[in-house]
Amino acid sequence: MAKMYLVMLGPPGAGKGTQAKEIARQLKLAHISTGDLFRENLKNETELGKLAQSYMNAGELVPDDVTVRMVEDRISRPDCERGAVLDGFPRTPNQAKALDDLLGKLGSSVKLVPYIKVPDEVLVERLSGRWMSPSGRVYHAKYNPPKVKWIDDLDGSQLYQREDDKPETVRHRIEVYNEQTSPLIAYYQEKNLLVEIDGTQGIEKVTDAIMKAVGEV
Ligand code: ADP
Ligand code: ADP
């Protein structure tokens with residue numbers, strides 16, 4: 001069977017991670033989040049983690065070459081046998097070209113790019129209320145609260161706020177997105193792969209809209 005690769009596109013806080021997890025679960029694909037991979041490396045104090053840390057804390061992008069190598073390694077693992085939902089990658093035109101080459105070598109290509117559209121003022125509120133579980137599960141203080149405050153519903157671990165979700169860093173990350181990542185909207189539009197999703201709807205409505213678009217490919 002042909003492999004399926006989806007690219008979740010959208011600004012920080014749009015809901016890429018939340019949706020990527022659910023879409024990957026429903027379609028039985030791997031979920032590849034470059035942000036999660038970098039955070040894992042940071043926690044384990046690997047060389048890659050040490051390199052990424054200063055960029056992440058400043059809300060800047062980690063250089064393309066290391067990011068692409070990390071994805072290349074991840075995408076060749078056995079759990080990507082049926083394909084993957086890419087979340088937070090690509091983030092620059094260079095990364096998008098590298099992904100095309102990489103998938104081309106595997107005899108495949110990107111099948112669909114759900115672009116989750118949310119206005120800037122909503123993003124700041126979403127990110128300042130984002131609560132993370134060490135497992136990578138994502139909650140929101142108001143929009144997706146855990147059953148018990150600051151506690152993960154499934155494994156009981158302590159939730160935390162990301163260092164880079166502070167308002168100053170958030171504003172910079174949105175600028176970085178507008179400058180370096182938003183050109184990908186046109187890139188994928190030209191390839192006829194982009195489908196615009198209204199990200200201001202409730203979480204389940206957004207999932208339904210993405211699944212509907214996947215069904216129409
Ligand atoms: P991204 O991966 O694009 O940065 P996340 O999936 O981490 O975004 O979501 C950012 C925050 O917004 C999280 O706290 C999440 O629970 C919340 N969120 C995600 N989707 C929605 C939605 N449709 N409505 C309200 N809040 C949402
Ligand atoms: P968000 O979900 O809020 O958009 P991520 O978790 O995807 O944030 O990314 C967090 C940080 O990790 C980014 O600000 C950046 O420093 C780094 N990062 C993640 N993905 C990439 C990428 N594809 N290229 C470069 N840096 C990345």
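Of the 19 residues around ligand 2, which come nearest?

View 1. Thr 34, Glu 60, Gly 88, Arg 130 and Arg 173 come nearest; a residue is near if one of its heavy atoms lies within 4 Å of the molecule. Keep in mind that this is a predicted model, with local features needing pLDDT of at least 70 and side-chain atom pairs pLDDT 80 or more, while totals for chains, interfaces and linings use all residues. Residues are numbered from 1 along each chain as its sequence is written, chains are lettered from A and ligands numbered from 1 in written order, and side-chain values use heavy atoms, leaving out hydrogens and water.

**View 2. Close polar atoms around ligand 2.** Look for the side chain of Arg 173, with an N or O atom 2.3 Å from an oxygen atom of ligand 2. One nitrogen atom of the ligand sits 2.9 Å from a polar backbone atom of Gly 88, and a backbone N or O atom of Val 62 lies 3.0 Å from a nitrogen atom of ligand 2. The protein covers 96% of the 560 Å² of accessible area (Shrake-Rupley, 1.4 Å probe) that ligand 2 has on its own.

**View 3. Two aromatic pairs.** Ring pairs (Phe, Tyr or the six-membered ring of Trp, centres within 6.5 Å; planes under 30 degrees apart are stacked, over 60 edge-to-face, the rest tilted) come to 2 here. Trp 131 and Trp 150 are stacked, because their ring centres are 3.9 Å apart and their planes at 20°. Tyr 187 and Tyr 188 pair edge-to-face, at 5.1 Å centre to centre and 90° between the planes.

Notes: A polar contact is a pair of N or O atoms within 3.5 Å; within protein, one must be able to donate a hydrogen and the other to accept it, and residues adjacent in sequence count only if both atoms are side-chain atoms.
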